[in-house]
Amino acid sequence: MPAPAMPPESAALSIAAVERETGVAKDTLRVWEKRYGFPAPLRDAAGDRMYPMAQVLQLKLIRRLLDAGMRPGKVVGLDNDALQALLDPATPESATQPTPPQAGDAPQVPALLDAIAAHDPQALRHALLQAQWRRGLAHFVTEVVAPLTTAVGDAWAQGRFEIFEEHLYTEVITGVLRSAIATLAMPPASQGVLGPRVLLTTVQREPHGLGLLMLEALLALEGCTCISLGTQTPLGDIVQAAQAHRADVVALSFTNLQSGPVVLTQLHELRRQLPPERALWVGGACSALYQKPLPGITAVQGLSQLAPWVAQWRYDNAAR
């Protein structure tokens, strides 16, 4: 039976946009549609699949449950209430609760979420700048930006935020972080070994760059020279850029958008193409990065591990 035509005024996403927003591959969406009857896309004037936002929300929740270990047959097609009931006990309390506020401290995550919900970018920017000034850039990134970014993603998945609100947050925090990075002064060469020179990017089908920006801020604080290519760079171009910029380290950020085997295949291929003296650092939300040692690849599990790895690089390269 053909899918119903989509009214022009309906808010809906194309299959490519759904893949990008939910992390569920296009082929998987088609399989689920045939096997489980969900999602049930509408059709635009050209006959292409278009997914209403209510279904996109369900897919986002389904993806989180799959990441928690549940099987598609148990969750695909459940309504939002049922999905949320399954999701709540699967989410560790420590991952959703912000750090208790300290006396005189900057606004905490709930207050910043309120500023996003109020559609007040000026108030959000002001609160973020205040948090940065009071905590310093390193603590701002690890104690404010990282948990706030997770909370914004959770709010979107739970239907409390729309996509435009998530995008508003991304634009504001990107501006705040870029301004902060631009003010950092490079330490003089007389202080010893500088570096490393770090090339920052993501691989194809990894469209989110906020993790890269957090990495750049912390690396810049450590005196590293950062060259950011933005997101979704083909492997061959990463290799060429690393050579052109004489990078000591290639640093990649991964979300959970791609499956573990796909991520590991890409990493092994990139490691094969890079010269052995060029380090490859990886981090992010993809659990496959940390399940077992990756030959020739450093998995940095947590932003707090960056400073020790930079110090180790300096120690190893002090005689160069």
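Predicted model: local features only at pLDDT ≥ 70, side-chain atom pairs only at ≥ 80, totals over all residues.
Helix α7 itself covers residues 109-117, and its buried residues are Val109, Leu112, Leu113, Ala115 and Ile116. Looking down the axis of α7, these buried residues fall within an arc of 155°, so they line one face of the helix. An α-helix has 3.6 residues a turn, so residues three or four places apart point the same way. After α7 comes His119, and its phi is positive, near 55°.

Zooming out, the protein chain contains 14 helices and eight strands. It has 320 residues, and 42% of them count as buried. As for who touches whom, take the contacts with a separation of 6 or more: residues 24 or more positions apart account for 69% of them.

The strands come next. Five of them make up an open sheet in the order β5-β4-β6-β7-β8, and the pairing is parallel. At the edges stand β5 (225-228) and β8 (298-299), each with a single partner strand, so one side of each is left without a neighbour in the sheet. Strand β4 (residues 197-201) runs parallel to β5 and is joined to it by four bridges. Within this pairing, Leu200 stands opposite Ser228 in β5. Helix α11 (residues 210-221) lies across β4, β5, β6 (249-254) and β7 (279-284). The helix runs at about 165° to β4.

Tyr290 sits in the loop between β7 and β8. With 22% relative accessibility, Tyr290 counts as partly exposed, because the cut-off for buried is under 20%. Setting aside its neighbours within four places in sequence, Tyr290 is in contact with Gly283, Gly284, Ala299, Val300 and Gln301. One of these, Val300, is ten residues away along the chain, and the C-alpha atoms of Tyr290 and Val300 are separated by 8.6 Å.

There is also an open sheet of three strands, this time with antiparallel pairing, in the order β1-β3-β2. Its edge strands are β1 (12-14) and β2 (42-43), each of which pairs on one side only. Two bridges connect β2 with strand β3 (residues 49-52), and these two strands run antiparallel. Here Leu42 stands opposite Met50 in β3.

Now for the charged side chains. Side chains of opposite charge can pair when their charged atoms come close. Searching the whole structure turns up five salt bridges. One of them is formed by Arg205 and Glu19, whose closest N and O atoms are 2.8 Å apart. This pair links distant parts of the chain: Arg205 is in the loop between β4 and α11, while Glu19 is in helix α1 (residues 15-22), 186 residues apart. Glu19 is buried, at a relative accessible area of 17%, whereas Arg205 counts as partly exposed at 47% relative accessibility.

Another salt bridge joins Arg30 and Asp27, with the closest N and O atoms 3.0 Å apart. Both residues belong to helix α2 (residues 26-36), and because they are three residues apart there, about one helical turn separates them. Arg30 is partly exposed, with a relative accessible area of 35%. Asp27, on the other hand, counts as exposed at 55% relative accessibility, since exposed means over 50%.

Glu143 and Arg135 also meet through their side chains in a salt bridge, at 2.5 Å from N to O. Arg135 counts as buried, with 15% relative accessibility, while Glu143 is partly exposed, with a relative accessible area of 33%.

Technical notes
Residues numbered from 1 in each chain as written. Heavy atoms only, no water. Buried < 20%, exposed > 50% of the residue type's maximum accessible area, 1.4 Å probe, protein only. Arc of directions from axis to C-beta. Contact = heavy atoms within 4.5 Å. Pairing = 2+ DSSP bridges. Axes fitted to C-alpha atoms, helices over the stretch in contact; angles between N-to-C directions. Salt bridge = Lys/Arg side-chain N within 4 Å of Asp/Glu carboxyl O.
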